[in-house]
Amino acid sequence: MIRDMVQETQVTASNLIFPLFIVEGNNQKTEVSSMPGIYRFSIDNLLREVEECLSLGLRAFDLFPNIDESLKDRFATESYREGNLYLRAIEAVKSRFPEACVITDVAMDPYSSDGHDGLVENGEILNDETLEILGKMALAHARAGADIIAPSDMMDGRIGYIRQLLDDEGFTNVSLMSYTAKYASAFYGPFRDALDSAPKHGDKKTYQMNPANQREALIEAELDVQEGADFLMVKPGLPYLDVIKLLHDQFDLPIAAYNVSGEYAMLKAAAQRGWLDEQRSTMEVLTSLRRAGATAILTYHAKEVLEKKWL
Ligand code: PBG
């Protein structure tokens with residue numbers, strides 16, 4: 001009892017955000033091979049999944065689309081086309097479950113024939129030209145009913161640009177969760193399998209941060225605060241606890257941590273082999289992210305920890 005009374009950190013259902021992968025079609029539910037227990041859902045099954053999660057007390061969802069290769073182009077035009085898979089999914093979830101908090105991802109990679117988050121020309125990313133595309137995408141998400149828009153692209157100036165557009169169109173209540181300190185990490189591999197979104201050439205090191213840098217996160221955070229972000233995100237989570245702590249101590253905005261696909265895959269693989277105690281290691285990871293200062297945790301473990309009553 002006293003041990004519980006003096007426990008400093010808790011993980012609750014309201015701290016968790018569940019990333020969900022969506023795919024075109026009917027009655028689809030295909031497991032991502034490098035992420036046991038995680039599926040790509042067609043919209044009908046997505047609604048069933050959201051309903052189950054809501055009944056477990058899990059209320060926040062971050063959606064990511066797997067887009068057919070034939071719909072991808074250099075300019076990611078599919079990303080804001082009226083009636084596309086992603087916009088239909090947002091609308092379906094929000095109309096059926098208005099109480100669900102829908103977080104949407106803004107970046108070009110799921111729709112880009114180059115597999116990059118920004119527009120590529122002669123092997124280089126065009127930052128400012130990308131902002132226009134991201135702006136159209138963000139507005140389309142807001143119109144479809146997104147509660148929080150989360151730009152994951154790491155272009156400079158996109159938070160201010162998107163905030164302005166949203167405000168001009170009357171979407172002052174839509175929040176921005178900025179991927180503030182997003183590192184060029186090896187831990188995104190399974191996510192790129194899930195979406196078939198790996199870069200076709202080059203890497204993301206010109207726009208994502210160098211894993212060796214901590215202080216640079218302060219610069220990114222400063223800009224996001226000035227530009228109007230409502231949340232600052234650090235990604236990945238566990239290898240960057242110092243960065244979570246740093247931003248938590250220096251800024252008053254809520255901090256989100258993304259416990260990414262590779263962190264999930266690593267833990268699942270070890271647990272399946274019996275090399276780790278799954279319940280204890282999962283809870284230790286989530287508790288550590290909270291202890292470091294994250295208010296919200298995006299995690300593929302979200303549904304499972306509630307289903308199994310590990311919290
Ligand atoms: C890309 C994006 C990535 C993730 C979320 N948004 C991967 C990347 O930058 O290549 C990774 C999430 C995860 O690994 O779980 N916009």
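This is a predicted model: local features need pLDDT of at least 70, side-chain atom pairs count only at pLDDT 80 or more; totals for chains, interfaces and linings use all residues.
Local features were taken at pLDDT of at least 70 and side-chain atom pairs only at pLDDT 80 or more, whereas totals for chains, interfaces and linings use all residues. Residues are numbered from 1 along each chain as its sequence is written, and side-chain values rest on heavy atoms, with hydrogens and water left out.

The side chain of Tyr300 places an N or O atom 2.6 Å from a ligand oxygen, and a polar side-chain atom of Gln208 is 2.9 Å from an oxygen atom of the ligand. On the side chain of Asp109, an N or O atom lies 3.0 Å from a ligand nitrogen. Taken alone, the ligand exposes 400 Å², and the protein buries 100% of that (Shrake-Rupley method, 1.4 Å probe; for residues, only the protein chains shown count as cover).

Ser185 sits in the loop between strand E9 and helix H6 (189-195); helices (H or I, at least four residues) and strands (E, at least two) are DSSP runs numbered from the N terminus. Its relative accessible area is 11%, so Ser185 is buried (under 20%; exposed is over 50% and partly exposed in between, with a 1.4 Å probe and protein chains only). The Ser185 side chain reaches the backbone nitrogen of Phe187 at 2.9 Å.

Strand E9 (175-182) returns in the packing of helix H8, whose buried residues also meet helix H7 (216-227), strands E10 (231-235) and E11 (255-259), and helix H10 (278-292). Within H8 (residues 241-250), Val243, Ile244, Leu246 and Leu247 are the buried residues. They lie on the same side of H8 because they cover an arc of only 165° around the axis, taken from the directions from the helix axis to the C-beta atoms.

Finally, the count of disulfides (cysteine sulfur atoms within 2.5 Å) is 0. Cys53 is in no disulfide, its nearest cysteine sulfur being that of Cys101, 13 Å away. Cys53 is buried at 0% relative accessible area, whereas Cys101 is partly exposed at 22%.

Key
Contact means heavy atoms within 4.5 Å. A polar contact is a pair of N or O atoms within 3.5 Å; within protein, one must be able to donate a hydrogen and the other to accept it, and residues adjacent in sequence count only if both atoms are side-chain atoms.
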